[in-house]
Structures are given as structure tokens and as C-alpha cells.
Amino acid sequence: AADIDELDKVQSPAYLVGAGPQLDASLNDPAISSKPLWSVDTALPTLLQRGIKPDLVVSIDGGLGSWEHFQTALAMGYEFKDTRIVLDPCSYPLLYRYPFLKIYSYQSSYPACQETGTHTPLSNPPGNVFSAMESLFGFCFPGSSVKKLGAEQKAFKKHFLRRPNIPFIILVKTRFHYTPPETQKRRLRP
């Protein structure tokens with residue numbers, strides 16, 4: 001995956017789209033579909049139902065939750081060939097196989113992702129995907145402003161303690177990336 005510092009070559013979006021409670025109401029403007037926009041992965045199915053295709057999708061979920069949004073998009077017949085995606089290194093490995101226009105990655109604050117240390121760090125203190133997208137926008141277009149849809153504060157009042165899915169991380173390291181010598185003979189399932 002390319003580093004997020006290469007995103008400076010993309011067009012600045014007119015909208016950042018979250019999955020807040022007012023998203024449906026804010027998508028009634030027909031001009032939205034003709035302008036470049038960035039979306040969180042959780043808003044992707046809602047956008048596609050309205051015929052709106054994002055230029056870039058941001059995902060911070062290292063587990064199956066994020067993958068389900070993309071599976072829903074595939075079931076709706078969406079082809080990702082015109083969409084860029086930003087993933088953290090601990091994202092579900094199958095997402096890296098989808099036919100996105102380009103895949104970008106960043107160094108998140110998850111302990112397992114800190115081990116890679118090969119990508120540009122992205123600050124996300126609240127720990128939600130919309131704030132990660134806002135940080136990404138600020139990183140790519142410092143000092144610029146953008147209209148936000150579906151980003152109501154009500155949607156983010158609950159803060160969840162995010163923990164990496166440790167068994168999944170172990171599976172990724174042993175099955176997809178490398179097998180340390182001390183675990184080569186051990187089987188993951190009996």
C-alpha cells in the first residue's frame with residue numbers, strides 16, 4: 001500500500017461524509033453526487049443506495065466490521081475501480097485484495113500497528129473513523145475547509161475503548177505475513 005503522503009496528488013474533496021443520524025437528510029441535495037467526496041466505510045452502503053460514489057473511503061477498523069460494509073457494497077454491484085481507500089496496516093487482509101483504484105496506509109496508534117512503523121502517523125485521539133478522516137484531510141490540505149455531512153456530534157457521544165483483536169493479529173502474522181520459527185510446527189486449529 002502507498003503511504004498517505006502520496007494523497008497530496010488527489011483532488012480536494014467538497015464533502016467529508018460520516019454515518020451520523022442526519023446523513024440521509026443531508027444527502028437530499030442533488031449537487032452532492034457531482035462533486036468529489038470522501039466517505040467513512042460505514043456510510044458507503046447509504047451513499048451507494050443513492051447512487052453517490054465516493055472518491056476516497058477511510059477505514060480504521062481492524063476486524064470484520066469494516067469488511068462487512070465493503071461486502072454490502074459488492075452485493076450492491078459496486079466496483080471499486082474508481083475509488084481510493086485509506087486503511088491502517090491492521091485492517092482485514094481481504095480488503096487489500098479488493099480492486100480499488102489505489103490503496104493507501106498510515107501508522108495508527110494501535111499497538112500492533114506500531115510494530116510496522118513504515119507509514120506516516122495519523123492522529124486520531126477520539127478513535128472514530130470520522131475524526132481519522134478529518135485528520136487525513138487536514139494532513140493533505142492544511143488550512144483548507146470542507147463541508148461535513150453526517151458528522152453530528154450526537155453520533156459520537158459514546159466513546160468505545162478500541163482494542164486490537166489480538167487473536168486476529170496473531171492469525172495475520174502467522175498465516176498471511178510470516179511464520180516465526182518457534183511457531184512453524186504449531187497449528188492454528190486442531
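Trainee: Is Phe-80 buried or exposed here?
Mentor: Phe-80 counts as buried, because its relative accessibility is 1%. Buried means under 20% relative accessible area, exposed means over 50%, and partly exposed lies in between (1.4 Å probe, protein chains only). Bear in mind that this is a predicted model, where local features need pLDDT of at least 70, side-chain atom pairs count only at pLDDT 80 or more, and totals for chains, interfaces and linings use all residues. Residues are numbered from 1 along each chain as its sequence is written, and side-chain values use heavy atoms, with hydrogens and water left out.

Trainee: How many aromatic pairs does the structure hold?
Mentor: The structure holds 10 aromatic pairs. Rings of Phe, Tyr and Trp (its six-membered ring) pair if their centres lie within 6.5 Å; planes under 30 degrees apart count as stacked, over 60 as edge-to-face and the rest as tilted.

Trainee: Which ring pair involves Phe-80 and Tyr-98, stacked or tilted?
Mentor: That one is tilted, because the planes of Phe-80 and Tyr-98 stand at 55°, with the ring centres 5.5 Å apart. The two are 18 residues apart and link distant parts of the chain: Phe-80 is in the loop between α3 (64-75) and β5 (84-87), Tyr-98 in the loop between β5 and β6. Helices (H or I, at least four residues) and strands (E, at least two) are DSSP runs, numbered from the N terminus. Tyr-98 is buried too, at 10% relative accessibility.

Trainee: Which residues do ring pairs link into a cluster?
Mentor: Phe-70, Tyr-78, Phe-80, Tyr-98 and Phe-100.

Trainee: OK, new topic. How many salt bridges are there?
Mentor: The count comes to 4. A salt bridge here is a side-chain nitrogen of Lys or Arg within 4 Å of a carboxyl oxygen of Asp or Glu.

Trainee: Where do Lys-102 and Glu-6 sit?
Mentor: Lys-102 forms a salt bridge with Glu-6, with the closest N and O atoms 3.2 Å apart. Lys-102 is in strand β6 (residues 102-105) and Glu-6 in the loop between β1 (2-3) and β2 (15-17), 96 residues apart. Lys-102 is partly exposed at 32% relative accessibility, and Glu-6 is partly exposed at 29%.

Trainee: What about Lys-148 and Glu-134?
Mentor: Their side chains meet in a salt bridge at 2.7 Å, N to O. Lys-148 lies in strand β7 (residues 147-149) and Glu-134 in helix α5 (residues 129-140), so the pair ties together parts 14 residues apart in sequence. Lys-148 is partly exposed, at 43% relative accessibility.
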